[in-house]
Amino acid sequence: MTELPDSMKRLEERLRTDLEAESVEIDPVEPSTDRFSVTIISPKFIGMPDLRRQDLAWEIVDKVCSREESMMVTAIWALAPGEITTYLERL
Amino acid sequence: MARIFERQVLKPSQLYAVAEKRFGDAKALCDTQDNERANGAMYLCGFVVEILLKARLVRLHSSTAKMRRDVPDAERKISQLIWRSHNLLEMLVELRPLEAAVKKAAERSGQPFDHWLKDICTTWTIHARYSSRSTTIAEARDMLDRVRQLKEILK
């Protein structure tokens, strides 16, 4: 398992707190790359359109990460509880 | 049979023109203000981004783009992305210089174009074509507005 850089650990913690997330997972997009995808499951996303959910998450990325660090985040999956099945079906 | 169903090999400039047409289609659907047209509009919005990302890939990998068969292993992924894939995120990952350019445009304008692009690349899939669920025209207009601005940067 790849050790996350400090910036991604910070981001994980902040997303968990600010979004009252049930879970936050940050994974490398491909092994040995410096890019990460973020999967957040939060009740705050219930009833919120996809693009708005991601706006909310990106606001936090921009607060926590420097310019270079934010470019390491390639994708954000912002899910409400119970939507994980739908998400997995799409992969 | 309409000739539009024939497969064509297009140059980037032709792909940009097609992207504009599909954007026009998406706008026409949004202009109806009818929620029933929202899924179609959002599908087309993502498709505009797909065409523009493919145009970039074709520009960057012009020799690979011309190969339809016997593609060397090293170029197979790019060939797949150009000819077979609809996975916008995988395309974006192959276009790092574009990502940096979009980030710069975002910093100049104060609009989070880089986030918008990543969001669309993450959420949009061709499964919208078959979805029995519905979205709203407000959501479709939001996406249309983002794509309208993004396409000027992606060209």
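In this predicted model, a nonpolar patch on the surface is made up of B:Met1, B:Ile4 and B:Phe5, which together have about 490 Å² of accessible area. Patch residues have over 30% relative accessible area and no salt bridge, with nonpolar side chains (Val, Leu, Ile, Met, Phe, Trp, Tyr) joined within 5 Å and like charges within 9 Å. Accessible areas come from the Shrake-Rupley method with a 1.4 Å probe, only the protein chains shown counting as cover for residues; a salt bridge puts a side-chain nitrogen of Lys or Arg within 4 Å of a carboxyl oxygen of Asp or Glu. B:Phe5 is exposed, at 60% relative accessible area (buried is under 20%, exposed over 50%, partly exposed in between).

Turning to the rings, three aromatic pairs are found over all chains (centres within 6.5 Å; planes under 30 degrees apart are stacked, over 60 edge-to-face, the rest tilted). B:Tyr43 and B:Phe47 are stacked, at 6.1 Å centre to centre and 10 degrees between the planes. B:Tyr43 is buried at 17%, whereas B:Phe47 is partly exposed at 23%. B:Phe113 and B:Trp116 pair edge-to-face, with 5.6 Å between centres and 80 degrees between planes, and both are buried.

Residues are numbered from 1 along each chain as its sequence is written, with chains lettered from A and ligands numbered from 1 in the order written. Local features need pLDDT of at least 70 and side-chain atom pairs 80 or more, while totals for chains, interfaces and linings use all residues; side-chain values use heavy atoms, leaving out hydrogens and water.

Terms used. Buried means under 20% relative accessible area, exposed over 50%, partly exposed in between (1.4 Å probe, protein chains only). Rings of Phe, Tyr and Trp (its six-membered ring) pair if their centres lie within 6.5 Å; planes under 30 degrees apart count as stacked, over 60 as edge-to-face and the rest as tilted.
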